[in-house]
Amino acid sequence: MPSEYVPLHKYLDGRYADTVVLGLAQIEDLIGVSLPAAAHVDEQWWSNGDAAGASPQSLCWTQAGRTATPNLRAQNVMFQRDA
């Protein structure tokens, strides 16, 4: 996973709650850089993929055992623990 997403991975991996909702601004604060424009307008950017087709950014939440569900209208993402 790209190094800028490691703080998000550590944050999600360390949460005990099954569901964590973060605003896009909160995610940017965690990672210390702005998310790309696509993250704000394209739900596909938040795709969870699979092991073979995972995007670099999705590795930060999938390797933390989470699935991302964006709500771009509300500017947040729900990360749910995989069952």
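**View 1. How much of the chain is buried, and how its elements follow one another.** Buried residues make up 33% of the 83 residues in this protein chain, where buried means under 20% relative accessible area, exposed means over 50% and partly exposed is in between (1.4 Å probe, protein chains only). Keep in mind that this is a predicted model: local features need pLDDT of at least 70, side-chain atom pairs count only at pLDDT 80 or more, and totals for chains, interfaces and linings use all residues. Residues are numbered from 1 along each chain as its sequence is written, and side-chain values use heavy atoms, with hydrogens and water left out. The chain has four helices and three strands, in the order α-β-α-α-α-β-β along the sequence. Helices (H or I, at least four residues) and strands (E, at least two) are DSSP runs, numbered from the N terminus. The radius of gyration is 11 Å, close to the 12 Å that the globule rule gives for 83 residues, so the chain is as compact as a globular protein of that length. That radius is taken over C-alpha atoms, and the rule is 2.2 Å times the number of residues to the power 0.38.

**View 2. Zooming in on I27.** Not counting residues up to four places away in sequence, I27 touches L8, L22, L35, W46, V77 and F79. Contact here means heavy atoms within 4.5 Å.

**View 3. S58, tucked into helix α4.** S58 sits in helix α4 and is buried, with a relative accessible area of 0%. Leaving aside neighbours within four places in sequence, S58 is in contact with S47 and N48.

**View 4. Q44, out in a loop.** Look for Q44 in the loop between α3 (37-41) and α4. Q44 is exposed, with a relative accessible area of 57%. The C-alpha atoms of Q44 and N71 are separated by 12 Å, and the two residues are 27 residues apart along the chain.
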